[in-house]
Amino acid sequence: MTPSQPRKLSSQYPDFDDPAFLTAHVEDVLGFYRGRAIDPTGGLFHTYTDDGQVYDPGNRHLVSSCRFVVSFSVSFVRTGNEGDRKFAQHGLDYLRATHQRKDGSFAWELRDGVVSDPR
């Protein structure tokens, strides 16, 4: 196959070049988290089994916390879904209140709201 030839995808794999597929896929992923990710005591749950159950509710990782904020912020900008804005704000509030340290840096990992990895 040369660079000018289109890729042929197997029917068993999704077409990640198809905008309709990507839009539906993003909505599926966001929909999964909308119904279960918000921890009412603060932050967002990060660890799930395949059926959507949270298996480690006290674990918070900086990358995952940021990913939630960015994903739901972009979704709000794209769709105007007020629920997504609130979701992103909930995550951002937790980042600032719990991940962020007094010197302005951010803790890499938290366990039950306490820094477990300060890198």
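This is a predicted model: local features need pLDDT of at least 70, side-chain atom pairs count only at pLDDT 80 or more; totals for chains, interfaces and linings use all residues.

Student: What makes the pair of phenylalanine 72 and phenylalanine 87 stacked?

Tutor: Rings pair if their centres lie within 6.5 Å, and planes under 30 degrees apart count as stacked. The centres of phenylalanine 72 and phenylalanine 87 are 3.7 Å apart and the planes stand at 25°, so this pair is stacked. Phenylalanine 72 belongs to helix H2 and phenylalanine 87 to helix H3, so the pair ties together parts that are 15 residues apart in sequence.

Student: Why are phenylalanine 72 and phenylalanine 87 called buried?

Tutor: The word applies under 20% relative accessible area. Phenylalanine 72 has a relative accessible area of 1%, so this residue is buried, and phenylalanine 87 has 3%, so the term holds there as well.

Student: What does phenylalanine 72 touch, not counting residues up to four places away in sequence?

Tutor: With those residues left out, phenylalanine 72 touches Leu30, Tyr33, Arg34, Asp84, Phe87 and Ala88.

Student: Which residues make up the largest nonpolar core?

Tutor: This core has ten residues, namely Leu30, Tyr33, Ala37, Leu44, Phe45, Tyr48, Phe68, Phe72, Phe87 and Ala88. At least two of its residues come from each of helix H1 (19-34), helix H2 (62-79) and helix H3 (82-99).

Student: How many aromatic pairs does a search of the whole structure find, and what kind of pair do tyrosine 33 and tyrosine 48 form?

Tutor: The search finds seven aromatic pairs. For tyrosine 33 and tyrosine 48, the distance is 5.6 Å centre to centre with 65° between the planes; since planes over 60 degrees apart count as edge-to-face, that is the name this pair receives. Tyrosine 33 lies in helix H1 and tyrosine 48 in the loop between H1 and strand S1 (59-61), 15 residues apart, and both tyrosines are buried.

Student: How do you know that the charged end of arginine 36 sits over the ring of phenylalanine 32?

Tutor: The term requires CZ of Arg within 6 Å of the ring centre and within 35 degrees of the ring normal. The charged end of arginine 36 is 4.2 Å from the centre of the phenylalanine 32 ring and sits over that ring. Likewise, the charged end of arginine 67 sits over the ring of phenylalanine 68, 4.9 Å from its centre.

Student: What makes strand S2 and strand S3 a pair?

Tutor: Two strands pair if there are at least two bridges between them, and S2 (residues 109-111) and S3 (residues 114-117) have three, in the antiparallel sense. Arginine 111 stands opposite valine 114 in S3.

Note on methods
Residues are numbered from 1 along each chain as its sequence is written. Side-chain values use heavy atoms; hydrogens and water are left out. A nonpolar core is a set of buried Ala, Val, Leu, Ile, Met, Phe, Trp, Tyr and Cys residues joined through side-chain atoms within 4.5 Å. Buried means under 20% relative accessible area, exposed over 50%, partly exposed in between (1.4 Å probe, protein chains only). Helices (H or I, at least four residues) and strands (E, at least two) are DSSP runs, numbered from the N terminus. Contact means heavy atoms within 4.5 Å. Rings of Phe, Tyr and Trp (its six-membered ring) pair if their centres lie within 6.5 Å; planes under 30 degrees apart count as stacked, over 60 as edge-to-face and the rest as tilted.
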